[in-house]
Structure formats: C-alpha cells, structure tokens
Amino acid sequence: MKILEIDKLNKSYEKFRLKDVSFDLEEGYIMGFIGANGAGKTTTLKSILNMINYESGEISIMGKNFCENEKELKQHIGYMFGDADFYTRRRICTITDVVSKFYDNWDGDEYRRLMDWFGLDDKKKVMELSEGMKVKFSLVLALSHKARLLLLDEPTSGLDPVARDELLELFQKVVEDGRTSILFSTHITSDLDKCADYITYINNGKIIDSKALEDFKNSYRLVKGPVAKLDEVSHKLVSHKTSSFNFTGLAKESEITQTDGIVLEVPELDDIMIYYARRERNNA
Amino acid sequence: MRNLLNKELKLTINPFFYILPLIMGLLMLIPGWLYFLVFMYFCFITVPNTLAACKAQNDLSFSILMPVQRNDIVGARVLSFTILELLHIAFGAVFAVINIKLYGEAVFFMTPNVAFFGLGFIMLGLFNLFLFPIFFRSAYKYGVAVTVSTIAAFLFAAGAELLVLFNRELNVFMRYYKGDHWLVLIAGILIFAIMTYISYRISIIRFRKVEA
C-alpha cells in the first residue's frame with residue numbers, strides 16, 4: 001500500500017516555485033529526499049503537513065486525501081523539523097504530558113521504554129539536550145503514538161558521525177515492522193547510501209527523479225574524457241566541468257553510449273546533485 | 001479543542017499570569033483611583049508577554065503540527081485569554097467589594113461598583129475585538145495587535161471616565177441608581193461575549209491564510 005502520494009503539487013513564492021511535484025512512498029520503506037539548499041525539500045514537507053497553503057495538487061496519506069482528513073491522518077504522522085525547536089525551556093515531561101493527550105494511540109509504556117533505551121531523562125529541559133538527543137526525543141514522540149509515516153527534515157544535519165550512524169541504524173529498525181515508512185530530507189548523501197531504499201531528487205522546485213536508490217544511481221553516468229571529445233557528447237550532458245585537458249560531465253544512462261576515449265562510470269548521489277545544480281546555474 | 005486549551009494553559013501561559021489577576025486585583029484597594037487600570041494590566045503585561053513567548057517558542061508550528069483543526073488553534077487562544085480576563089475581573093470584583101466597604105463612594109473618578117464592572121467587560125471585549133483579528137493575520141507578530149487593541153481599550157476607558165465625570169446625568173446614574181447597575185453589568189457581559197465571538201470568527205478566516 002502507498003503510505004504517501006503527492007500529485008502535481010504547486011506552490012509559488014516571489015522567487016521560488018514548486019513545480020508539479022509528484023512522488024509516492026510505499027509502506028515499510030525509507031525514502032531519502034535530496035536536493036541542494038533551497039531546492040524545495042522543506043517546502044514540500046511543510047505542504048504535506050498543510051503548514052503552508054499550496055496552490056494546486058493533491059496529497060494523500062494511507063489512501064486518504066490529507067486536506068479532507070487532516071485531523072485524523074495527523075494521528076498517524078510523526079515529524080521532526082530541523083529548524084523548529086518547540087518550548088525549549090520547558091521540561092521534556094511537561095511537553096510529553098501535553099503532546100500525549102493529542103494522540104488516541106499514545107502508548108505510555110512504549111514512551112518510557114524508548115526514553116530509557118535512548119538514555120533520555122525527561123526531567124531535563126529540551127534546551128539541555130544535544131542536537132542528536134533532540135532528534136531522538138522527536139522520534140520517541142513519533143514512535144510513542146505509533147506513527148505510520150515519519151517526516152523528518154534534515155534529521156542528521158548537525159550530528160556527529162557516531163550519532164548520525166546510530167540514527168540511521170534506528171531508522172532501519174523503525175521500518176522493520178513493514179508498516180512504518182520514513183521520508184527524510186537531507187543534503188548529506190552519504191547517509192542515504194547507508195539506509196535509504198528510495199531516492200527522490202528535487203532541484204529548483206522540480207522533481208528530477210524518484211526511484212529505488214540503485215536504479216537512481218544506475219540511470220546516470222559520469223562521463224569522463226579528453227576536452228577534444230567534449231563537442232561529440234556535450235549535447236547529451238546535463239552539465240560538465242572542464243580542466244586543461246579533460247572534462248567530466250553527467251549524462252542520463254539512456255542517452256549516452258560508450259565510445260572510444262570516453263569513460264563511463266556510475267555516479268555517486270553527490271555527483272548527480274552537483275551537475276544538476278551546475279546546469280541550473282549555467283541557465284540562470 | 002480541549003487538548004489545545006490544555007496546551008495553552010499548561011505550556012503557553014506562564015503560571016505567573018494566573019497569579020497576576022490576584023496581585024492586580026489588590027490595586028482596587030487604592031482609594032479614588034482609575035480602576036479601569038486594574039483590568040488594563042492584562043493588556044499591558046499578560047498579553048504582550050504571552051504572545052512574545054509564543055513567538056520565541058515556535059508555538060505556531062507546534063500547534064499546527066498537532067492533530068487538530070486550524071479553527072481550534074484560534075478557539076483555544078481566544079478561550080485561554082478570555083479565562084485570564086475573567087480571572088482579572090473576578091479578583092477585581094472581590095477587592096472592589098472591600099473598596100466600597102472601606103471607602104464608600106469615590107469623590108472624583110468612578111466607584112468600582114456593579115455598573116463599573118459592566119463597563120470593564122465592554123473595555124475587554126473591545127480589546128479582544130482588535131487583538132485577535134490583527135494577531136491572527138500572521139499568528140506570531142504581536143506588536144501592532146497589542147498596540148492597536150490597547151489604544152482602543154484605553155480610549156474607551158478614558159472616554160467612560162470623562163463622560164461620567166463631566167456629564168451630570170451619567171454621574172448621578174453611576175452614584176445613585178444602584179438598582180439599574182445590574183442591567184449595565186448584564187449588557188456589558190453580553191457586549192463582551194458578542195465582541196469576542198466576532199473577533200474569533202474574523203480570526204478564523206484570517207488564520208486560514210497563515211503559513212507556519
């Protein structure tokens with residue numbers, strides 16, 4: 001079953017626009033939502049939660065239209081926004097006491113178990129937690145009300161490598177039940193290699209691709225060769241960089257074939273992001 | 001709505017503002033004072049401080065992310081502030097009774113009698129009428145909302161005091177027609193309720209366009 005479906009989402013700001021954003025996520029999987037800073041990741045996540053008023057498009061969660069069933073569907077969503085710290089000067093237990101009353105499925109025993117497991121002390125104030133602990137607290141709240149969909153906006157940014165690795169392992173544990181799904185935005189692509197099943201790539205408000213991680217990487221090729229060969233292939237490239245003698249570019253796998261003097265490699269996620277961003281900059 | 005009100009009362013409003021009505025109510029014991037000020041401390045202190053705390057603590061995003069309807073976010077805020085207003089009036093009333101027992105009729109400004117409390121309700125209703133619709137245009141900016149609504153309340157209070165002071169008939173009514181003062185109180189409560197409800201309805205419409 002599709003836990004999340006987004007269809008032709010449009011939202012305009014003065015200098016930025018989400019253009020026909022469409023993708024979906026099956027239950028029991030982790031999807032990495034990648035894009036450069038300002039590409040539209042947070043705007044999309046906020047649109048999903050109806051925090052901003054989008055102009056057109058449809059968002060469905062668990063097969064139901066979100067706008068028409070917002071109150072009911074939010075019972076099944078957990079969230080974490082990197083830029084939003086709520087009531088940081090209040091004790092965790094006070095916040096939990098308030099939050100728990102909003103959720104019909106709140107499981108106090110599970111909450112205690114997770115708090116102990118993460119080593120979180122609910123007598124502490126939120127501001128006394130490290131960034132990693134804050135993310136964990138958000139996850140505890142989400143998992144304690146048995147959220148089926150976790151929407152996490154850059155949960156790993158600001159974390160040290162150890163905390164990041166722990167968190168990514170935790171994501172995998174969370175989806176093990178086959179019912180819970182995670183959509184998390186990030187620009188740290190190495191995180192995705194460790195845990196993402198699917199990748200959705202957004203660039204300048206437009207979805208470039210949304211597919212399984214390996215399929216996503218395999219649908220592109222990093223093209224390397226001498227500058228003399230550039231003219232032959234430049235029209236097939238998303239964009240390219242040149243040095244004194246050589247060039248490196250990105251092309252869609254379906255549009256490029258191996259020829260003499262040119263080397264084709266499967267790119268990393270970073271490469272794909274870099275060359276698309278470069279194309280935007282060149283076109284601007 | 002019940003859960004959001006619980007959030008307002010436990011998280012949003014600092015416990016100090018539940019004690020403030022008692023402290024401000026004591027000001028009713030100052031002889032011959034401008035007693036509208038007792039209620040206006042709610043406008044001067046509680047409202048800007050609470051709204052500033054909301055802004056600092058990202059209350060808007062917090063509330064929107066909960067499984068609630070947007071209308072209820074407005075409703076809970078209006079209701080929680082109304083509860084505080086009623087607390088100010090209730091404690092004011094307790095000390096107003098003591099005031100009248102101690103000092104009798106005021107010589108210059110209005111005596112805090114039953115009719116005065118009717119006017120106090122109207123003043124707070126007017127305050128609400130301006131505060132919430134302006135605040136819920138953004139749901140986090142509070143400067144203009146607090147300034148405009150406080151000026152509206154102040155102008156009403158100053159106008160009422162001056163009218164009673166200089167209009168002989170009104171002065172006589174406020175001093176001697178005590179049997180009719182209950183009518184002023186009832187009318188005041190009704191006007192307060194109507195103004196607050198209108199304010200709530202306008203705020204709902206404005207809040208629909210707000211983005212967190």
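1. Being in contact here is a matter of C-beta atoms, placed from the backbone, lying within 7 Å of each other. Helices (H or I, at least four residues) and strands (E, at least two) are DSSP runs, numbered from the N terminus.

2. **Where the domains lie.** Domain 1 of chain A covers 2–212 and domain 2 covers 219–283, with bounds that come from an automatic or database domain assignment. Taken over C-alpha atoms, the centres of these two domains of chain A are 34 Å apart.

3. **How to read the model.** Residues are numbered from 1 along each chain as its sequence is written, while chains are lettered from A and ligands numbered from 1 in the order in which they are written. As this is a predicted model, local features need pLDDT of at least 70 and side-chain atom pairs count only at pLDDT 80 or more, whereas totals for chains, interfaces and linings use all residues. Chain B averages a pLDDT of 93, and 100% of its residues score at least 70; pLDDT is the predictor's confidence in each residue, from 0 to 100. For the complex, the predictor gives an ipTM of 0.81 and a pTM of 0.84.

4. A hairpin of four residues leads from β1(A) to β2(A), and β1(A) pairs with β2 (residues 17–26) in the antiparallel sense over seven bridges. Strands pair if DSSP finds at least two bridges between them. One position to look at is Lys11(A), which stands opposite Leu18(A) in β2(A).

5. **A second hairpin.** β4(A) runs antiparallel to β5 (residues 64–65) of chain A, and two bridges join them. Ser60(A) stands opposite Asn65(A) in β5(A). Two residues lie between the strands of this β4(A)–β5(A) hairpin, and Met62(A) in the turn has a positive phi of about 50 degrees.

6. **The sheet of β11 to β14.** Which order do the four strands of this open sheet of chain A take? The order is β12-β13-β11-β14, with antiparallel pairing. β12 (237–242) and β14 (263–265) of chain A are the edge strands, each pairing on one side only. On average, neighbouring strands of this sheet are turned by 20 degrees against each other, direction ignored. Seven bridges connect β11 (residues 220–226) and β13 (residues 246–252) of chain A, and Gly225(A) stands opposite Phe247(A) in β13(A). Helix α10 (residues 269–283) of chain A lies across β11, β12 and β13, running at about 90 degrees to β12(A). Axes are lines fitted to C-alpha atoms, for helices over the stretch in contact, and angles run from 0 to 180 degrees between N-to-C directions.

7. **Helix packing in chain B.** The axes of α7 (residues 143–166) and α8 (residues 168–176) of chain B come within 5 Å and cross at roughly 95 degrees. That makes α7(B) roughly perpendicular to α8(B) (65 to 115 degrees counts as roughly perpendicular, under 35 as roughly parallel, over 145 as roughly antiparallel and the rest as oblique). Leu163(B), Val164(B) and Leu165(B) of α7(B) meet Leu170(B), Asn171(B) and Met174(B) of α8(B). The axes of α3 (residues 36–56) of chain B and α7(B) come within 11 Å and cross at roughly 180 degrees, and these helices are therefore roughly antiparallel to each other.

8. **Where the chains meet.** 18 residues of chain B are in contact with 20 residues of chain A. The largest share of the chain B side, five residues, comes from α1(B).

Key
Contact = placed C-beta atoms within 7 Å.
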